[in-house]
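Hi everyone, thanks for coming along.

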Amino acid sequence: MVHLSCEPALRAAVDAKLRGVKLHVESVLPHFLLDKTYAERDGMDGMKYVMSPPLRAPRISECSGLRLTRDWIDTVGTDHCPFDTAQKLLGAEAFTQIPNGIPALRIG
């Protein structure tokens with residue numbers, strides 16, 4: 001399972017693993033560090049955080065972090081997909097036109 005980001009999916013994955021299903025679970029760094037309040041900001045401040053799967057409620061990020069410590073999540077990636085301000089503004093008039101992705105690496 002890639003880009004796991006919500007509690008119901010995590011529960012299903014854990015249940016499957018406990019039943020002996022050979023399953024690898026991957027999540028991405030933004031889901032451990034950010035929550036949906038970033039994407040709910042007005043204007044460009046929120047547009048910067050449009051990604052898939054979307055950022056989740058803070059309690060879900062906490063749940064994922066807890067499971068990571070218990071080895072339920074096998075891999076954490078970056079899914080680095082940056083867009084500059086001009087590119088994100090392509091969706092200024094229509095949410096569905098915002099380029100989907102955020103940077104997950106910081107250089108410098």
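**A walk through the chain**

Let me start with contacts. Taking those in the protein chain between residues at least 6 apart in sequence, 59% join residues at least 24 apart. Please keep in mind that what you see is a predicted model.

Now the overall layout. The protein chain has 5 helices and 2 strands, and if you read along the sequence, they come in the pattern α-β-α-α-α-β-α. Of the 108 residues in the protein chain, 35% are buried.

Let's turn to the aromatic rings. How many aromatic pairs does the count come to? The count comes to 1 aromatic pair. The partners are Tyr 38 and Tyr 49: their ring centres are 5.1 Å apart and their planes sit at 55 degrees, so this pair is tilted. For anyone wondering about the cut-off, planes over 60 degrees apart would count as edge-to-face.

Where do these two tyrosines sit? Tyr 38 is in the loop between α2 (30-33) and α3 (43-47), while Tyr 49 is in the loop between α3 and α4 (58-69). The two are 11 residues apart, and the pair links distant parts of the chain. Tyr 38 has 22% relative accessibility and counts as partly exposed, whereas Tyr 49, with a relative accessible area of 18%, is buried. The line between those two classes is drawn at 20% relative accessible area.

What lies around the side chain? A polar atom of the Lys 17 side chain is 2.9 Å from the backbone oxygen of Trp 72. Leaving aside residues up to four places away in sequence, Lys 17 touches Leu 23, Val 25, Asp 71, Trp 72 and Asp 74. So Trp 72 turns up both in that polar pairing and in the list of contacts, because contact here means heavy atoms within 4.5 Å.

Last stop, the surface. Leu 29, Leu 33, Leu 68 and Val 76 form a nonpolar patch there, and together they have about 310 Å² of accessible area. One of them, Leu 33, lies in helix α2 and counts as exposed at 59% relative accessibility.

Terms used. Residues numbered from 1 in each chain as written. Predicted model: local features only at pLDDT ≥ 70, side-chain atom pairs only at ≥ 80, totals over all residues. Heavy atoms only, no water. Phe/Tyr/Trp six-rings, centres within 6.5 Å; stacked < 30°, edge-to-face > 60°. Helix = DSSP H or I, 4+ residues; strand = E, 2+ residues; numbered from the N terminus. Buried < 20%, exposed > 50% of the residue type's maximum accessible area, 1.4 Å probe, protein only. Patch = residues over 30% accessible without salt bridge, like charges linked within 9 Å, V, L, I, M, F, W, Y side chains within 5 Å. Areas by Shrake-Rupley, 256 points an atom, 1.4 Å probe, with all protein chains shown as cover. Salt bridge = Lys/Arg side-chain N within 4 Å of Asp/Glu carboxyl O. Polar contact = N/O pair within 3.5 Å; in protein donor to acceptor, adjacent residues only side chain to side chain.
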